[in-house]
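Please read the briefing below alongside the sequence and the 3D structure.

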Amino acid sequence: MDGAFLTFLAAKGEPTLINTGFASWAAWVILFAPLLVAFLVTAVPAIRKANGLAAALSISSVGLGLVLTLFVYFFPMLQAGDNVYEHIVSWVAIGDSPLITFGTRMDALAVTMTLVVTGVGFAIFVYALGYMKGDESMGRFYGKFALFVFSMLGIVMSPNFFQTFIFWELVGVSSYLLIGYYWRKHSAGEAAKKAFMTNRVGDFGFLLGILMVWAAVGDATGAFGQDVYSAFDFTVIERAVQTLGASTLFWDSIGYAAIAAALVFCGAMGKSAQFPLHVWLPDAMEGPTPVSALMHAATMVAAGVYMIIRCNFIIAYAEWAPTLICWLGGITAFIAASMAITQNDIKKVLAYSTLSQLGYMTMALGAGAYTAAMFHLTTHAFFKALLFLCAGSVIHGCHHEQDMRHMGGLKSKMPTTYKTWFVGTIALTALLPIAGWWSKDEILGATRITDMVWGSEILLALGVLVAGMTAFYMWRATYMTFGGEYRGHAKPHESPKVMTMPLVALAFFSLFIGFIGIPDGTFGAGTKTNWFEGWLHHWHVGPYAKMVWPLAIIATGVALVGFLIARKIYRNAGGNDPLPAKLGGIWRLWDNLYYVDNFYLWLVKKVQQGVAKVFWFFERWILIQAVINGLSQTVRISGDRVRRVQSGRLGNYVTSFLLGAAVVGLLVLLQVGLASAGGK
Amino acid sequence: MNPLLLCLLAPAAATIALFFIDENAKKAIRAISTVATGLSLAMALLMFIGFGDYTYEHAATAEAFTANAGAADEHVYKYGIAVDWVEELGLSFRLGVDGMGLAMVLLTAFIIFCGVMVSYGIKTRVKEYYICLLALVTGVFGVFASLDLFFYYFFYELAVIPMFLLIGVWGSTTKTVDQNYATMKLVLLLSAGAVFALIGLIAVYGEAGTFNMVALEEHGFSSSFQMIWFPVVFLGFAALVPMWPLHSWSPAGHAAAPAAVSMLHAGVLMKLGAFGILRIACTYFPQAADTYLPYVGILCCFNIIYGGLVAVAQRDMKLIIGYSSSSHMGYVLLGVASASLIGINGAVFLMFAHGIMTALAFALIGWFYDQTHTRMLDDLGGMMKVMPFAGTMFVIASMASAGLPGFANFVSELMVIIGAWDARNVLWFGVPAILAVWGLVITGVYLLRAVKDAWFGELPERWKNLKDQRTFAERTPYVILTGVLLIFGFWPQPMLNVVHQGVEPLVKRLDAGREANERGTRNARLERIDEPATQGALTDGEGR
């Protein structure tokens, strides 16, 4: 970034960009250590084949990231002010003007997310040692897993939109590789493909959104004498929006800002699996369970939410875009919760639960409560990773059984797993004031307060309802898995220490992480709404998130009702689920996932393939057969005719000559005519 | 010795040398070919590294290769060499490269070096095969390096004729494509395009009276001349690119050709067309380019979307990659049509990246086709198990082709899209750019399907004994191509610096052409308006 621009920023006051110091170089190390490991593991056969070495390298690269991030977090200058540590180099320059820059950015938001990624990631990397034991290609697994951590951290630390897009795609690749890890299985290959393509569709909108913002900001910053090419930069976009106001900035026409924001949100819609692009996430459970825990629950699917928080200044001013986002979030939260009720695969329950919770976060984004979304993202990362790892432990203990109907009674057989699962479930269903209770109620509060969203009252009601549904399906799963008598065949056993230790650690955080968001007024006077809000408040526009106490009590009550119903139905149900008979048509609708997947399948199989076939038909029969081959036939036949032209008769030659001359003359005339018309 | 000349002479000399070698001395034949193309590659790399710092030792030589008259220190064409040949006709043998030309020379050098190594598996008529291959590549080097229209065309024809033999003799007939038909179609369409271009080139010579391409750049053709001859020259080259709807020769040609020829064909021959469009059509006729390029912006959308969807309908791997090539060349054309600095830089970079990527893909298809004798997705499956190396390489090629970050294709395709979006005022409100982004989705569809159906899943019993690349020599070409994609994907700047050197003057010309057109329109409007209103019309025109 050039000096003139830094001056321009400094003139605007905060934030201060600092591109030296511990935090800025530490960021490079945190980012690139996993890539280095991924490269070594993939490219050096000796390391890849020594499974233990590959695992050790991967785990230590993530561990190093965690330690360094903690140092950065306690780094006094970052704590003292709202400083940004940014270190940017030119990556693609056209001549002398940089088009795309590459850098690392460490601010409160990035540090929070990096802590989540490396912290949860470290626990899961250790856990995978036990879970993947006996897998002959464990080295390959860890290589890809490290590649994912690199890609994810790239999104987190990205200082500009383009870099975000780069890592966005890389995250997609690593997700594709890891979902398809068991590539001999047909379903795994299909799921990987589906995840990749669904995300691609989201990225289609995302890239267009980026281009729209880039064009608008580029034109606007040109007025400051700035290089238009730096217009991918978040800082530049933020300054431009705040200085000029969205209405001046997005000059073109009414709705430009909203369309751009909605398109940017498309990216989040794909990655964070929001309706209507939610279909890939449940299928992604084909990957190994540690992958589901880290990528498809805790971090990767949260990337969309994180990205929107990162560029919240675009969304917040964008006319109808917040309403759209909030509604899509609400719809996702509801339909996912309802689909979770019908699942019998323990991982699928959690997958739909993840969708539902991401829907909550998206609701918060629409309502303008960016801190609340980030708060829920953080707590959710811990307790959902915990739940997935517990599920993994159960699957491991039951010898690769995933169907809850063949489980039951594991409470006594797997005590540690049960206890930690219990903590995770409480945190998710928000029955007691730990983790999810604080963060979810903050989101509901934001939906109550907001004035950015049309119809927020309906969404609020939906949100409270989903709280009850969440409690219902989670306790349904708990009773089916851990309650009653064991119904399976293989003999279940508790998992080894290397797997239960991460469970305990994550359970610890699930218990206490919620307290960073306790409103200050709760235990005495305070100036900010809560500590987490104070830590992040510089990085978003709009109102502070608040806890609305009456609402929190109502939501807890509804969750309690959900819990009690689940207890009544499933406590003594054994392997039989009485619910399908009771719900009838609604169950079938939920069980068939609202027929969305069927619709997409039809779209791909019939519409896309149909269009392709039509084009192929055109290519094959019209273009090639009729035009090209027809032309060659014509040439052959006319060749026969032309032979007769060589007749020796003078008259014919004269005619041909005149014809030729006429053509040449015509061309000359055309040129003269154009010359007189064209002015030269 | 001039490295550019050496780069061209090495394969030429090897071609001649091979005539005198016993046809049973297969090892010697392979060694000579490898050394010759290796020398070309070394020279190309040498030029690439030294490009920024290169200066002419003699002022006289320098002047002959300075396109911008009056700016003697700006040598657009480097590594120049000029020998008079037929002075009466103004014919001289002139070589020299700007950034665009050098990028293409480097691309050719990489591909032919790897192509020669990939062809070690050829068993029949080895001697003739390598003679044809080296003659072909001599022609390609010549086209990219020539600065004389006569030799430009000469080298072009030199490239086409061996192509005919290579596909006709060493190619294969499959369920999907008949070899003889494909060969004839390819050569006829290539020649037809060439003849079209030739007519245009003769007209250029007739108008300017010189074959010297540096002088021609400065000639300044009248706008009426440009308007008539731009389409002729453009269409001649566009058939090579291949632009929709002139593309059908290309996928069929791929499908019938042996691996190394497919590599050269998709990797380099297609780029000859795009290179001709930039070097001749757009450079000589900037005013006409301004008028016509937006229409190219429409046709290239057909390339991207139509080509992609036709690829979706294919089950033959070579046809998939073949139509995918025609789809990707649509991006190149889109970059050209944007007429912007970012777009054309991206287009030339994409020519390089796509060339390497597609060569890699065709080499891999050739590898397993030699063993399976089928390329149909329905017959294949699970090959990752027996060919982990080839499979990994194919996944990499697919990822690169699908425009994923880390590969040169990503950077270049994104630059093309940004350029097209940047030029949305002249390029149909950005609709082609939007379609190009959608094209990335379509690319994902057919490539992931190919990867999944051929490499993943269960391995059929009859493919249990397929063999992977095991030895160092077998793996080298694939590692080189992948390495190039990754290096320029992570660190695109060196390539962009070189490319930019050639693109910048071209874009200046195009801008000047646009201004001249706007001036022309304004003057024409002024003439039509009565005297008193003139003042108003002028401000009106400038206010735009």
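**Briefing on a predicted two-chain model**

The axes of H6(A) and H7(A) come within 9 Å and cross at roughly 170°, where axes are lines fitted to C-alpha atoms, for helices over the stretch in contact, and angles run from 0 to 180 degrees between N-to-C directions. This is a predicted model, in which local features need pLDDT of at least 70 and side-chain atom pairs count only at pLDDT 80 or more, while totals for chains, interfaces and linings use all residues. Residues are numbered from 1 along each chain as its sequence is written, and chains are lettered from A and ligands numbered from 1 in the order in which they are written. Helices (H or I, at least four residues) and strands (E, at least two) are DSSP runs, numbered from the N terminus.

**The pair H6(A) and H7(A)**

- H6(A) and H7(A) are therefore roughly antiparallel to each other, given that angles under 35 degrees count as roughly parallel, over 145 as roughly antiparallel, 65 to 115 as roughly perpendicular and the rest as oblique.
- The crossing of H6(A) and H7(A) is right-handed; a crossing is left-handed if the near helix is turned anticlockwise from the far one by less than a right angle, and right-handed if clockwise.
- On the H6(A) side, A:Ala110, A:Met113, A:Thr114, A:Val117, A:Gly121 and A:Phe125 meet A:Phe145, A:Val149, A:Met152, A:Leu153, A:Val156 and A:Met157 of H7(A), two residues being in contact if their C-beta atoms, placed from the backbone, lie within 7 Å.
- The residues of this contact divide into 10 nonpolar, 2 polar and no charged, with Ala, Val, Leu, Ile, Met, Phe, Trp, Tyr, Cys and Pro counted as nonpolar, Asp, Glu, Lys and Arg as charged, and the others, Gly among them, as polar.

**Chain A and its helix H14**

- Chain A has 30 helices and 3 strands, and buried residues make up 56% of its 680 residues; a residue is buried if 20 or more other C-beta atoms lie within 10 Å of its own, exposed if 12 or fewer, and partly exposed in between, with C-beta atoms placed from the backbone.
- Among the contacts in chain A with a separation of 6 or more, 80% are accounted for by residues 24 or more positions apart.
- Helix H14 (residues 289–298) of chain A is mostly covered, since 10 of its 10 residues are buried, including A:Thr289, A:Pro290, A:Met295 and A:His296.
- These buried residues of H14(A) pack against helix H6 (108–131), helix H7 (138–157), H8, helix H13 (280–283), helix H18 (346–366) and helix H19 (370–397) of chain A.

- Chain B has 20 helices and 2 strands.
- The radius of gyration of chain B is 23 Å, close to the 24 Å that the globule rule gives for 544 residues, so chain B is as compact as a globular protein of that length; the radius is taken over C-alpha atoms, and the rule is 2.2 Å times the number of residues to the power 0.38.
- The C-alpha trace of chain B spans about 90 × 50 × 40 Å along its principal axes, and buried residues make up 60% of the 544 residues.
- Helix H15 (residues 388–401) and helix H17 (residues 431–455) of chain B have axes that come within 9 Å and cross at roughly 170°, which makes H15(B) roughly antiparallel to H17(B).
- In that pair, B:Gly391, B:Phe394, B:Val395, B:Ser398 and B:Ser401 of H15(B) meet B:Thr443, B:Leu447, B:Ala450, B:Val451 and B:Trp455 of H17(B), and by class the contact has 6 nonpolar, 4 polar and no charged residues.

**Where the chains touch**

- In the interface, 41 residues of chain A are in contact with 45 residues of chain B.
- Strand S2 (84–94), helix H8 (161–179), helix H9 (186–222), helix H29 (596–645) and helix H30 (650–678) of chain A each supply at least two residues of the side of chain A that touches chain B, and the largest share, 12 residues, comes from H9(A).
- By class, that side of chain A has 27 nonpolar, 7 polar and 7 charged residues.

**Backbone details**

- Most residues other than glycine have a negative phi, and most peptide bonds are trans.
- A cis peptide bond joins A:Phe275 and A:Pro276, with omega about 5°, and A:Pro276 is in the loop between helix H12 (256–271) and H13 of chain A.
- Another cis peptide bond joins B:Val241 and B:Pro242, with omega about -5°.
- A:His400, whose phi is near 60°, lies in the loop between H19 and helix H20 (410–413) of chain A, and counts as exposed with 8 C-beta neighbours inside 10 Å.
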